[in-house]
Amino acid sequence: MSRNQDLVDRIQESLKEREVPAWLFYGFHDLDPTAYRILRFPESVHATRRWFYLVPAEGEPRKLVHRIESGQLDHLPGSKDVYLPWPELREKLKALLHGAGRVAMQYSPNNEIPYLSKVDAGTVELIRGLGAEVFSSGDLVQLFEAVWTDGQLEQHRVTARQLTETVRETFELAERRLRGGEPIGELEIRDAILARFQQLGLEADHPPIVGINEHSGNPHYAPSAATDRTLRQGDFLLIDLWAKPRTPEAVYADITWTAFFGAQPDQEIRKVFEVVRDARDRGVQFLNERLGQGHRVEGWEVDDAVRGVIERAGYGPWFSHRTGHNLSREVHGNGVHFDNLESHDTRQVIPGIACTIEPGIYLDRFGVRSEVNVFVHPDSAEVTTPPQRELLVLPAEGA
């Protein structure tokens with residue numbers, strides 16, 4: 001078997017299953033990292049000239065490369081053609097596209113899914129001008145970028161337990177400090193989590209979110225020396241943490257929990273927590289209903305199901321982000337997101353992927369988010385992170 005023939009066989013099998021005539025990959029500098037990763041480019045690649053790689057559903061793949069970088073696609077099977085002047089590029093690209101008719105590319109109509117749109121508008125115009133119809137490769141990309149192996153799923157389950165233990169230990173640390181009259185602030189809480197990650201061999205692309213009171217009402221609050229708040233009796237605390245092992249091909253887990261420090265939170269805090277929790281659980285229920293019936297599910301539909309719970313409770317304007325994002329080797333992966341707010345994600349929720357479900361309500365004096373991870377099986381969705389069922393109430397005073 002030639003180099004990476006197994007990859008091409010998988011791509012062609014996927015194209016046939018979805019009745020897609022061809023997938024056209026295009027590269028120039030680092031415009032489309034998705035293409036480089038799917039096509040297993042070496043990390044040292046430095047593409048300063050345009051290249052094209054057409055994988056048809058049937059038949060031999062075809063390459064088009066620049067003369068001074070003619071070896072750019074040599075790690076992939078298929079015939080090769082070389083161009084130099086730009087008129088020759090157009091002529092040979094037209095020949096490469098001959099018979100394809102429709103080609104999938106990393107493109108999203110109207111940029112509805114910006115995470116996917118990696119091919120520039122001019123290149124799409126060029127391909128269309130040469131007689132080929134361009135449509136989105138979104139569902140194809142998922143198969144090669146977002147579907148987990150059995151080993152990754154098991155690793156994720158372990159990481160999920162580690163994160164849950166870490167967040168519980170962190171709340172207990174904060175309670176002990178309050179009980180002992182020792183101040184503890186957002187930055188110290190954040191650093192305690194990072195120290196625990198170090199002990200567990202975990203890493204993250206960004207430090208966790210630790211927000212007290214009104215800071216928890218900012219979905220992407222980042223503690224700093226200028227904003228650091230000290231935890232006191234009667235305070236509300238949100239912790240959002242995500243991590244993966246420092247090993248090749250490891251995937252993320254990502255959770256958010258909340259707690260109130262005092263004898264009794266007020267009625268509004270309890271109510272908002274319960275609305276958010278019920279919205280989160282509705283997302284899981286919706287997935288299980290649809291998958292169990294064998295229906296196609298798209299990302300925007302999950303967002304609508306979750307958002308509907310919050311809107312009916314009267315908090316719609318305060319749910320200011322999508323319901324969830326794909327999880328993979330990046331915390332925001334290249335698979336479907338549960339989103340009909342920031343984008344209209346029409347990608348299919350397919351078996352083998354994982355996503356977060358993390359609705360939130362963000363008010364002026366506090367904000368609640370409750371986040372679980374779900375792994376999609378052919379007919380069900382598995383909640384892989386232990387869910388927070390009730391608001392943690394930590395009456396440190398007098399304990």
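1. Arg 369 lies in strand 14, which spans residues 367-369 (strands are DSSP runs of E with at least two residues, helices runs of H or I with at least four, both numbered from the N terminus). The model is predicted, so local features need pLDDT of at least 70 and side-chain atom pairs count only at pLDDT 80 or more, while totals for chains, interfaces and linings use all residues. Residues are numbered from 1 along each chain as its sequence is written, and side-chain values use heavy atoms, with hydrogens and water left out.

2. With a relative accessibility of 2%, Arg 369 counts as buried (buried means under 20% relative accessible area, exposed over 50%, partly exposed in between, with a 1.4 Å probe and protein chains only). Its side chain makes polar contacts with the side chains of Asp 240, at 2.9 Å, and Tyr 362, at 2.8 Å (a polar contact is a pair of N or O atoms within 3.5 Å; within protein, one must be able to donate a hydrogen and the other to accept it, and residues adjacent in sequence count only if both atoms are side-chain atoms).

3. Gly 367, also placed in strand 14, is buried at 0% relative accessibility. Leaving aside neighbours within four places in sequence, Gly 367 is in contact with residues including Phe 236, Leu 238 and Tyr 362 (contact means heavy atoms within 4.5 Å). The C-alpha atoms of Gly 367 and Gly 211 are separated by 8.9 Å, although these residues are 156 apart along the chain.

4. The buried residues of helix 1 are Leu 7, Val 8, Ile 11, Gln 12, Ser 14 and Leu 15. They cover an arc of only 160° around the axis, and therefore lie on the same side of helix 1 (the arc is that of the directions from the helix axis to the C-beta atoms). What covers these buried residues includes strand 1, helix 2, strand 2 and helix 5.

5. The structure holds 32 salt bridges (a side-chain nitrogen of Lys or Arg within 4 Å of a carboxyl oxygen of Asp or Glu). In one of them, the closest N and O atoms of Arg 37 and Glu 330 are 2.7 Å apart; this pair links distant parts of the chain, with Arg 37 in helix 2 and Glu 330 in the loop between strand 11 and strand 12, 293 residues apart.

6. Arg 365 forms a salt bridge with Glu 268, with 3.1 Å between the closest N and O atoms. Arg 365 lies in the loop between strand 13 and strand 14 and Glu 268 in helix 8, so the pair ties together parts 97 residues apart in sequence.
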